[in-house]
Amino acid sequence: MTQHAAAPTVQRVDARHRYEILVDGSTAGLTAYRDHDDQRVFYHTEIDDAFAGQGLASVLVQQALTDARAAGKRIVPVCPYVAKFLRKHDEFADLADPVTPEVLRWLETELAR
């Protein structure tokens, strides 16, 4: 009898400013953000090497962007992976704001805290 892995689940962890993707209860990766007024600035996405190649980053970012939309947030894709995802997925184009020097300076200050 073969074991079927549970579908990965994505959860927002506000205290850590990130979304995590879980596979069978283990954290397989994350996409980190900071909220800046009505913008959710995504700046880093990573998937653990043990879970690489399963398309988890795409699932994670899609659900994170869907959640941001539901929360009424705009998306600022500082993270290269999120930027690439947005280029491929027109359904989120209406949410995307450009990455500006102002946003990058704000993010640097925010992350230094």
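Here are some questions and answers about the helices and salt bridges of this predicted model.

Residues are numbered from 1 along each chain as its sequence is written, and side-chain values use heavy atoms, without hydrogens or water. As this is a predicted model, local features need pLDDT of at least 70 and side-chain atom pairs count only at pLDDT 80 or more, while totals for chains, interfaces and linings use all residues.

User: How far apart are the end C-alpha atoms of H1?

Analyst: Happy to work that through. Helices here are DSSP runs of H or I with at least four residues, strands are E runs of at least two, and both are numbered from the N terminus. The expected span is 1.5 Å times one less than the number of residues. The 15 residues of H1 should therefore span 21 Å, and the distance between the end C-alpha atoms agrees, at 21 Å.

User: Within what arc do the buried residues of H1 fall?

Analyst: Buried means under 20% relative accessible area, exposed over 50% and partly exposed in between, with a 1.4 Å probe and protein chains only. In H1, the buried residues are Leu-56, Ala-57, Leu-60, Val-61, Ala-64, Leu-65 and Ala-68. The arc is taken from the directions from the helix axis to the C-beta atoms. Seen down the axis, the buried residues of H1 line one face of the helix, because they fall within an arc of 155°.

User: Which exposed residues does H2 carry on the face turned away from its buried side?

Analyst: Let's start with the buried side of H2 (residues 80–88), made up of Val-82, Ala-83, Phe-85 and Leu-86. These cover an arc of only 160° around the axis, which puts them on the same side of H2. They pack, with contact meaning heavy atoms within 4.5 Å, against strands S3, S4 and S5 and helix H1. The face turned away carries the exposed residues Pro-80, Arg-87 and Lys-88.

User: Are Glu-20 and Arg-18 buried or exposed?

Analyst: Their side chains meet in a salt bridge, at 2.7 Å from N to O. The term stands for a side-chain nitrogen of Lys or Arg within 4 Å of a carboxyl oxygen of Asp or Glu. As for accessibility, Glu-20 and Arg-18 are both buried.
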